Amino acid sequence: MTEPIPVNEPLLDGNEKKYLIECIDTGWISSEGPFVKEFEEKFAARVGRKYGVAVSNGSVALDTAVYALGLGKGDEVIMPTFTIISCAAAIVRAGAKPVLVDSDPVTWNMDVNQIELKITPRTKAIMVVHIYGLPVDMEPILSLAEKYGLKIIEDAAEMHGQTYKGKPCGSFGDISTFSFYPNKHITTGEGGMVVTDDEELAEKCRSFRNLCFQPKKRFVHDELGFNFRFTNLQAALGLAQLERLDEFVERKRSMGRRYTELLAGLDWVELPLPKTDYAENIYWVYGIILKDHVPFGADEAMRRLAEHKIGTRPFFWPMHEQPVFHKMGLFKGERYPVAERMARRGFYIPSGLALTEEQMERVVTDLKGIIA
Ligand SMILES: *Cc1c(COP(=O)(O)O)cnc(C)c1O
């Protein structure tokens with residue numbers, strides 16, 4: 001019997017159990033518990049920000065950021081088409097309009113050169129999303145933001161511990177967001193955080209995650225918020241994971257290097273870029289793209305790997321090809337060929353922190369077998 005290789009398995013063998021037991025022993029399990037603040041402070045400091053506001057997940061972290069910046073009806077926000085739905089959903093739910101750019105075929109990140117062409121008098125912000133392990137080239141975006149007076153939301157969900165030109169991802173622009181889903185570099189089960197240097201933005205985020213209760217008249221509301229609170233139990237996991245962030249990043253990097261070695265020299269596959277002049281890949285996931293002469297796409301490759309009990313995930317499906325947005329009259333007839341190709345020919349192979357060397361070797365052997 002071949003053992004299944006899951007697409008992701010987290011490592012929880014540090015102080016996670018100890019801190020969780022502390023929650024139970026002290027009775028602190030809700031969002032009022034002391035670990036929440038400690039995790040917010042330590043995580044924010046780690047990514048070079050003054051304030052951290054922990055929320056229920058990385059998707060609502062984006063909703064919270066969009067709310068804090070006051071984006072809404074009539075506003076346009078430029079973002080990559082190749083990303084998770086959460087990014088566009090946050091913009092659309094706030095009543096603003098996402099405006100898309102294609103991906104760069106080499107870094108897989110948003111093509112920075114297409115941004116300026118999309119700026120109109122209604123553009124209010126750029127939502128930057130770092131994809132799969134390499135940061136977006138931030139400098140040109142920061143200059144555009146300066147030149148046109150635009151806000152920047154940085155979705156750093158896949159970038160814990162990553163840097164751009166030596167500066168932490170999550171420290172760029174007005175406000176940044178993280179996710180702590182179990183496939184991220186550090187996890188709290190479900191969870192997310194908004195980080196910023198702006199006290200007023202941080203206060204808006206805190207209010208939004210807690211139903212916009214007012215400090216003076218608690219049950220009288222000026223605005224509508226949500227219950228996006230983060231629990232002491234989640235923070236217990238987060239603190240234990242954060243202690244090991246450097247180790248985890250190093251582990252992911254060495255896994256990425258190993259996969260790259262094992263897959264080197266094959267003429268049918270495009271591999272993630274190991275580094276650019278501004279960053280070294282941290283391989284949030286190890287994605288691969290089947291070259292055009294392979295007679296089938298990602299779906300068929302993933303199906304065949306599943307027969308070998310190897311877990312995979314497809315790449316993101318572009319925002320301009322989402323039926324839900326077409327129904328809203330968005331992106332009709334728009335084409336972004338690089339992202340379309342990545343979505344059809346790209347997928348990622350097992351890349352969780354608990355993956356072993358033997359498992360990686362089997363993944364690559366079986367992958368070669370199913371393509372041949
Ligand atoms: C994972 C992820 C999210 C969403 O985070 P959840 O915690 O799963 O809601 C948002 N943006 C990016 C880029 C992600 O990778």
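This is a predicted model: local features need pLDDT of at least 70, side-chain atom pairs count only at pLDDT 80 or more; totals for chains, interfaces and linings use all residues.

Reader: Why is S56 called buried?

Author: The relative accessibility of S56 is 19%, and buried means under 20%, so S56 counts as buried. S56 lies in the loop between β1 and α3, and, leaving aside residues up to four places away in sequence, S56 touches E190, G191, G192, N227, F228, R229 and Q234.

Reader: What makes a set of residues a nonpolar core, and which members of the largest one touch the most others?

Author: The members must be buried residues of nonpolar kinds, joined through side-chain atoms within 4.5 Å. The largest nonpolar core has 49 residues, of which M79, F82, M127, Y132, I153, I175 and F315 touch the most other members. Several elements give two or more residues to this core, including β2 (76-80), β4 (123-129) and α11 (337-345), while α3 gives the most, with 6 residues.

Reader: What is the volume of the largest pocket, and which element gives the most to its lining?

Author: The largest pocket has a volume of about 800 Å³, and of the 27 residues that line this pocket, E203, R206, S207, R209 and N210 are the closest to its centre. The element that gives the most to the lining is α6, with 5 residues. By kind, the lining of the largest pocket divides into 13 charged, 7 polar and 7 nonpolar residues.

Reader: Why is the second largest pocket said to lie between domain 1 and domain 2?

Author: The second largest pocket has a volume of about 570 Å³, and its lining holds 27 residues, the closest to the centre being I84, Y181, N183, K184 and W284. Both domain 1 (16-242) and domain 2 (245-371) give residues to this lining, so the second largest pocket lies between them. Its lining divides into 13 nonpolar, 9 polar and 5 charged residues, and α3 gives the most to this lining, with 3 residues.

Terms used:
Residues are numbered from 1 along each chain as its sequence is written. Side-chain values use heavy atoms; hydrogens and water are left out. On a 1 Å grid over the protein atoms alone, a cavity is a set of points where a 1.4 Å probe fits but cannot get out, and a pocket is an open set with protein on both sides within 12 Å along at least five of seven lines; lining residues have an atom within 4 Å of a point. Grid points are joined across faces, edges and corners, and a volume is the space filled by probe spheres set on the points. Helices (H or I, at least four residues) and strands (E, at least two) are DSSP runs, numbered from the N terminus. Ala, Val, Leu, Ile, Met, Phe, Trp, Tyr, Cys and Pro count as nonpolar, Asp, Glu, Lys and Arg as charged, and the others, Gly among them, as polar. Domain bounds come from an automatic or database domain assignment. Buried means under 20% relative accessible area, exposed over 50%, partly exposed in between (1.4 Å probe, protein chains only). Contact means heavy atoms within 4.5 Å.
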